[in-house]
Amino acid sequence: MSNDKLILVVDDDPDLVESVSMRLESEGFQVAKAYDGVEAWDRIKDERPQMLILDVMMPRKNGYELCNEIKKDDKFKDITVLLLTAVAEAVPHTTYTHMDGKSTLADDYIPKPIDLDNLMEIVKDNL
Amino acid sequence: MNNIKGLKISGELCLVRLHTESRDSGLLPAFCSLLAGSQINMPFLSTESQADGIHTTCCVDGAHQALIKRLLSAEPVLKERAEYTDGVGLLTLFPHQSRLQLFGRSLRALAQADLRVFAMASSIGALTYVLDYAQLDKAAAVMQACFEITGNHAPFKAEFTVAQGTQRRPERKE
(Lines give C-alpha, C1' and ligand atoms only; values in the text may rest on other atoms or scores of the structure.)
Protein backbone atom coordinates (compact mmCIF):
# COMPACT_ATOMS: atom_id res chain seq x y z
CA MET A 1 0.00 0.00 0.00
CA SER A 2 1.39 3.42 -0.87
CA ASN A 3 0.28 6.70 0.56
CA ASP A 4 1.27 10.18 -0.56
CA LYS A 5 0.76 11.65 2.90
CA LEU A 6 3.98 12.96 4.43
CA ILE A 7 4.34 12.56 8.18
CA LEU A 8 7.12 14.33 10.09
CA VAL A 9 8.28 12.43 13.17
CA VAL A 10 9.96 14.68 15.73
CA ASP A 11 11.69 13.41 18.85
CA ASP A 12 15.14 13.81 20.38
CA ASP A 13 15.23 10.05 21.00
CA PRO A 14 16.68 8.56 17.77
CA ASP A 15 15.38 5.09 18.63
CA LEU A 16 11.83 6.34 18.94
CA VAL A 17 12.13 8.25 15.65
CA GLU A 18 13.41 5.15 13.87
CA SER A 19 10.87 2.71 15.30
CA VAL A 20 7.90 4.99 14.61
CA SER A 21 9.21 5.82 11.13
CA MET A 22 9.69 2.17 10.24
CA ARG A 23 6.14 1.37 11.27
CA LEU A 24 4.70 4.31 9.32
CA GLU A 25 6.74 3.37 6.24
CA SER A 26 5.57 -0.23 6.51
CA GLU A 27 2.00 1.12 6.30
CA GLY A 28 2.89 3.03 3.14
CA PHE A 29 3.35 6.56 4.49
CA GLN A 30 6.08 8.95 3.42
CA VAL A 31 8.16 9.87 6.46
CA ALA A 32 10.49 12.74 7.32
CA LYS A 33 12.46 12.94 10.55
CA ALA A 34 13.67 15.67 12.87
CA TYR A 35 15.41 15.50 16.23
CA ASP A 36 14.45 18.75 17.94
CA GLY A 37 11.90 21.54 17.65
CA VAL A 38 14.07 23.98 15.71
CA GLU A 39 15.05 21.41 13.10
CA ALA A 40 11.40 20.36 12.87
CA TRP A 41 10.26 23.92 12.15
CA ASP A 42 12.79 24.09 9.29
CA ARG A 43 11.51 20.78 7.87
CA ILE A 44 7.91 21.97 8.14
CA LYS A 45 8.69 25.08 6.10
CA ASP A 46 10.66 23.11 3.52
CA GLU A 47 8.47 20.05 3.12
CA ARG A 48 5.00 21.00 4.39
CA PRO A 49 4.00 17.63 5.91
CA GLN A 50 0.36 16.70 6.35
CA MET A 51 0.94 15.48 9.90
CA LEU A 52 3.39 15.88 12.76
CA ILE A 53 4.06 13.28 15.41
CA LEU A 54 5.64 15.57 17.96
CA ASP A 55 7.44 14.86 21.20
CA VAL A 56 7.16 17.36 24.03
CA MET A 57 10.51 17.34 25.82
CA MET A 58 13.10 18.35 23.25
CA PRO A 59 16.12 20.65 23.15
CA ARG A 60 15.95 24.22 21.81
CA LYS A 61 12.19 24.31 21.22
CA ASN A 62 9.80 21.99 23.01
CA GLY A 63 6.75 20.39 21.48
CA TYR A 64 4.26 22.71 23.18
CA GLU A 65 5.97 25.78 21.75
CA LEU A 66 6.26 24.30 18.27
CA CYS A 67 2.66 23.09 18.26
CA ASN A 68 1.34 26.50 19.24
CA GLU A 69 3.51 28.26 16.65
CA ILE A 70 2.21 25.96 13.92
CA LYS A 71 -1.41 26.40 14.91
CA LYS A 72 -1.09 30.19 15.01
CA ASP A 73 0.51 30.38 11.56
CA ASP A 74 -2.03 30.66 8.74
CA LYS A 75 0.29 28.80 6.35
CA PHE A 76 0.67 25.78 8.56
CA LYS A 77 -2.30 25.64 10.92
CA ASP A 78 -3.95 22.91 8.86
CA ILE A 79 -1.14 20.47 9.63
CA THR A 80 -2.43 17.78 11.96
CA VAL A 81 -0.38 17.68 15.15
CA LEU A 82 -0.29 14.57 17.30
CA LEU A 83 1.50 15.28 20.55
CA LEU A 84 3.46 12.53 22.26
CA THR A 85 2.75 12.94 25.95
CA ALA A 86 3.70 10.79 28.90
CA VAL A 87 0.65 9.86 30.93
CA ALA A 88 0.40 11.76 34.19
CA GLU A 89 0.76 8.65 36.33
CA ALA A 90 4.22 7.99 34.90
CA VAL A 91 5.63 11.45 35.50
CA PRO A 92 3.64 12.89 38.38
CA HIS A 93 5.84 15.87 39.13
CA THR A 94 7.04 17.16 35.79
CA THR A 95 5.47 19.95 33.80
CA TYR A 96 5.31 17.73 30.72
CA THR A 97 2.25 15.65 31.36
CA HIS A 98 -0.83 14.62 29.48
CA MET A 99 -2.86 17.17 31.42
CA ASP A 100 -0.55 19.99 30.40
CA GLY A 101 -0.60 18.73 26.84
CA LYS A 102 -4.35 19.26 26.72
CA SER A 103 -3.79 22.98 27.08
CA THR A 104 -2.07 23.09 23.69
CA LEU A 105 -3.69 23.34 20.30
CA ALA A 106 -2.71 19.80 19.27
CA ASP A 107 -5.26 17.78 17.32
CA ASP A 108 -4.75 14.60 19.31
CA TYR A 109 -2.44 12.91 21.79
CA ILE A 110 -0.42 9.73 21.73
CA PRO A 111 0.45 8.40 25.18
CA LYS A 112 4.01 7.39 26.00
CA PRO A 113 5.33 4.76 26.30
CA ILE A 114 4.17 4.21 22.74
CA ASP A 115 2.10 1.27 21.62
CA LEU A 116 2.73 1.22 17.86
CA ASP A 117 -0.64 -0.38 17.07
CA ASN A 118 -2.38 2.33 19.06
CA LEU A 119 -0.26 4.96 17.35
CA MET A 120 -1.31 3.71 13.92
CA GLU A 121 -4.98 3.87 14.90
CA ILE A 122 -4.59 7.46 16.07
CA VAL A 123 -2.68 8.41 12.91
CA LYS A 124 -5.32 6.91 10.61
CA ASP A 125 -8.15 8.47 12.63
CA ASN A 126 -6.61 11.90 12.15
CA LEU A 127 -5.77 11.79 8.45
CA MET B 1 27.87 8.02 3.44
CA ASN B 2 29.68 10.15 6.02
CA ASN B 3 26.74 12.17 7.27
CA ILE B 4 25.06 11.94 10.62
CA LYS B 5 22.16 13.97 11.93
CA GLY B 6 23.63 14.64 15.32
CA LEU B 7 25.54 13.47 18.32
CA LYS B 8 24.95 13.62 22.03
CA ILE B 9 27.25 13.60 24.99
CA SER B 10 25.98 12.66 28.42
CA GLY B 11 26.65 13.90 31.90
CA GLU B 12 29.08 12.11 34.17
CA LEU B 13 28.16 8.49 34.77
CA CYS B 14 29.38 5.45 36.66
CA LEU B 15 30.09 2.22 34.81
CA VAL B 16 28.92 -0.93 36.56
CA ARG B 17 30.17 -4.28 35.33
CA LEU B 18 28.48 -7.44 36.47
CA HIS B 19 30.01 -10.81 35.74
CA THR B 20 27.83 -13.82 36.39
CA GLU B 21 28.29 -17.44 35.54
CA SER B 22 25.96 -18.94 32.99
CA ARG B 23 24.12 -20.95 35.61
CA ASP B 24 23.36 -17.72 37.49
CA SER B 25 21.08 -16.44 34.77
CA GLY B 26 18.64 -15.06 37.35
CA LEU B 27 21.16 -12.58 38.72
CA LEU B 28 20.93 -10.06 35.91
CA PRO B 29 17.13 -9.73 36.18
CA ALA B 30 17.56 -9.43 39.96
CA PHE B 31 20.11 -6.65 39.47
CA CYS B 32 17.85 -4.81 37.03
CA SER B 33 14.90 -5.18 39.40
CA LEU B 34 16.91 -3.67 42.24
CA LEU B 35 17.75 -0.62 40.15
CA ALA B 36 14.25 -0.28 38.75
CA GLY B 37 12.80 -0.55 42.27
CA SER B 38 14.84 2.47 43.26
CA GLN B 39 14.00 4.35 40.06
CA ILE B 40 17.61 4.36 38.91
CA ASN B 41 17.84 5.01 35.18
CA MET B 42 20.28 3.07 33.03
CA PRO B 43 21.14 5.19 30.00
CA PHE B 44 23.37 2.39 28.74
CA LEU B 45 23.06 -1.39 29.05
CA SER B 46 24.75 -4.18 27.15
CA THR B 47 25.12 -7.83 27.94
CA GLU B 48 27.01 -10.63 26.30
CA SER B 49 27.33 -14.33 26.85
CA GLN B 50 30.85 -15.73 26.75
CA ALA B 51 32.40 -19.07 27.58
CA ASP B 52 33.13 -17.98 31.13
CA GLY B 53 29.69 -16.51 31.79
CA ILE B 54 27.54 -13.48 31.20
CA HIS B 55 29.14 -10.04 31.13
CA THR B 56 26.84 -7.10 31.70
CA THR B 57 27.85 -3.48 31.42
CA CYS B 58 25.58 -0.64 32.43
CA CYS B 59 25.91 3.04 33.17
CA VAL B 60 24.06 5.01 35.80
CA ASP B 61 24.20 8.58 37.02
CA GLY B 62 27.43 8.92 39.00
CA ALA B 63 25.43 10.25 41.91
CA HIS B 64 23.65 6.90 42.18
CA GLN B 65 26.77 4.84 42.86
CA ALA B 66 26.49 5.03 46.64
CA LEU B 67 22.85 3.97 46.50
CA ILE B 68 23.66 1.01 44.24
CA LYS B 69 26.43 -0.13 46.57
CA ARG B 70 24.00 0.07 49.47
CA LEU B 71 21.36 -1.91 47.57
CA LEU B 72 23.89 -4.58 46.62
CA SER B 73 25.22 -4.82 50.18
CA ALA B 74 22.00 -6.67 51.00
CA GLU B 75 22.59 -9.01 48.05
CA PRO B 76 25.98 -10.68 48.69
CA VAL B 77 25.94 -12.75 45.51
CA LEU B 78 25.48 -9.64 43.38
CA LYS B 79 27.79 -7.51 45.49
CA GLU B 80 30.81 -9.73 44.92
CA ARG B 81 30.23 -9.76 41.16
CA ALA B 82 29.94 -6.00 40.66
CA GLU B 83 32.79 -3.68 39.67
CA TYR B 84 32.59 0.09 39.36
CA THR B 85 34.40 2.61 37.18
CA ASP B 86 33.88 6.28 37.96
CA GLY B 87 34.00 9.15 35.55
CA VAL B 88 32.66 7.76 32.32
CA GLY B 89 30.24 9.31 29.82
CA LEU B 90 28.34 8.42 26.68
CA LEU B 91 28.99 9.60 23.15
CA THR B 92 26.02 8.82 20.92
CA LEU B 93 25.91 9.15 17.15
CA PHE B 94 22.62 9.07 15.27
CA PRO B 95 21.01 7.83 13.20
CA HIS B 96 22.86 4.53 13.08
CA GLN B 97 20.57 2.47 10.84
CA SER B 98 22.89 -0.53 10.87
CA ARG B 99 25.61 1.28 8.96
CA LEU B 100 28.75 -0.72 9.55
CA GLN B 101 30.74 2.04 7.92
CA LEU B 102 29.61 4.44 10.65
CA PHE B 103 30.77 2.01 13.30
CA GLY B 104 34.09 1.32 11.60
CA ARG B 105 34.96 4.95 10.91
CA SER B 106 34.00 6.16 14.36
CA LEU B 107 35.84 3.40 16.19
CA ARG B 108 38.96 3.95 14.13
CA ALA B 109 38.80 7.71 14.74
CA LEU B 110 38.53 7.17 18.49
CA ALA B 111 41.49 4.79 18.41
CA GLN B 112 43.60 7.20 16.36
CA ALA B 113 42.85 9.93 18.89
CA ASP B 114 43.99 7.58 21.67
CA LEU B 115 40.58 7.65 23.31
CA ARG B 116 39.83 4.66 25.47
CA VAL B 117 36.54 2.87 24.74
CA PHE B 118 35.10 1.12 27.78
CA ALA B 119 32.08 -0.31 25.98
CA MET B 120 29.88 0.26 22.97
CA ALA B 121 26.43 -0.73 21.80
CA SER B 122 24.19 -0.04 18.86
CA SER B 123 20.43 0.22 18.75
CA ILE B 124 17.88 0.71 16.03
CA GLY B 125 18.60 4.43 15.91
CA ALA B 126 21.94 5.12 17.55
CA LEU B 127 25.52 4.04 18.10
CA THR B 128 26.83 4.70 21.60
CA TYR B 129 30.33 4.57 23.06
CA VAL B 130 31.23 4.63 26.74
CA LEU B 131 34.29 6.85 27.11
CA ASP B 132 36.25 8.72 29.74
CA TYR B 133 33.96 11.58 30.82
CA ALA B 134 36.85 14.05 30.82
CA GLN B 135 37.51 13.19 27.15
CA LEU B 136 33.96 13.57 25.84
CA ASP B 137 34.48 17.02 24.36
CA LYS B 138 37.61 15.81 22.60
CA ALA B 139 35.71 12.77 21.33
CA ALA B 140 32.92 14.99 20.02
CA ALA B 141 35.49 17.10 18.17
CA VAL B 142 37.00 13.93 16.69
CA MET B 143 33.57 12.87 15.45
CA GLN B 144 32.92 16.30 13.96
CA ALA B 145 36.16 15.97 12.02
CA CYS B 146 35.22 12.46 10.92
CA PHE B 147 31.59 13.00 9.92
CA GLU B 148 29.55 15.78 8.44
CA ILE B 149 26.79 16.64 10.85
CA THR B 150 23.96 17.70 8.63
CA GLY B 151 21.36 20.35 9.11
CA ASN B 152 20.51 22.55 12.00
CA HIS B 153 21.43 20.19 14.81
CA ALA B 154 20.76 20.48 18.53
CA PRO B 155 23.51 21.17 21.09
CA PHE B 156 25.57 18.09 21.89
CA LYS B 157 25.07 18.38 25.64
CA ALA B 158 21.60 17.61 26.95
CA GLU B 159 19.58 20.61 28.13
CA PHE B 160 17.61 18.40 30.51
CA THR B 161 17.55 14.87 31.85
CA VAL B 162 14.59 12.57 32.25
CA ALA B 163 14.24 10.45 35.36
CA GLN B 164 11.70 7.85 36.33
CA GLY B 165 8.89 8.54 38.75
CA THR B 166 9.38 11.44 41.05
CA GLN B 167 11.73 14.37 40.86
CA ARG B 168 13.72 13.10 43.84
CA ARG B 169 17.36 14.01 43.51
CA PRO B 170 19.87 11.15 43.72
CA GLU B 171 22.15 10.99 46.69
CA ARG B 172 25.59 12.44 46.22
CA LYS B 173 28.55 10.12 46.13
CA GLU B 174 30.41 9.74 49.39
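Analyst: Helices (H or I, at least four residues) and strands (E, at least two) are taken here as DSSP runs, numbered from the N terminus. On that basis chain B reads β-β-β-α-β-β-α-α-β-α-β-β-α-β along its sequence, with five helices and nine strands. This is a predicted model, in which local features need pLDDT of at least 70, side-chain atom pairs count only at pLDDT 80 or more, and totals for chains, interfaces and linings use all residues. Residues are numbered from 1 along each chain as its sequence is written, while chains are lettered from A and ligands numbered from 1 in the order in which they are written.

Asn152(B) lies in the segment after β9 (148-149) of chain B. A residue is buried if 20 or more other C-beta atoms, placed from the backbone, lie within 10 Å of its own, exposed if 12 or fewer, and partly exposed in between. Asn152(B) has 15 such atoms within 10 Å and is therefore partly exposed. Of the 174 residues of chain B, 30% count as buried.

Contact means that the C-beta atoms of two residues, placed from the backbone, lie within 7 Å. Leaving out residues up to four places away in sequence, Asn152(B) touches Val38(A), Glu39(A) and Asp42(A). Glu75(B), 77 residues from Asn152(B) in sequence, is 48 Å from Asn152(B) in space, C-alpha to C-alpha. Within chain B, 78% of the contacts with a separation of 6 or more are between residues 24 or more positions apart.
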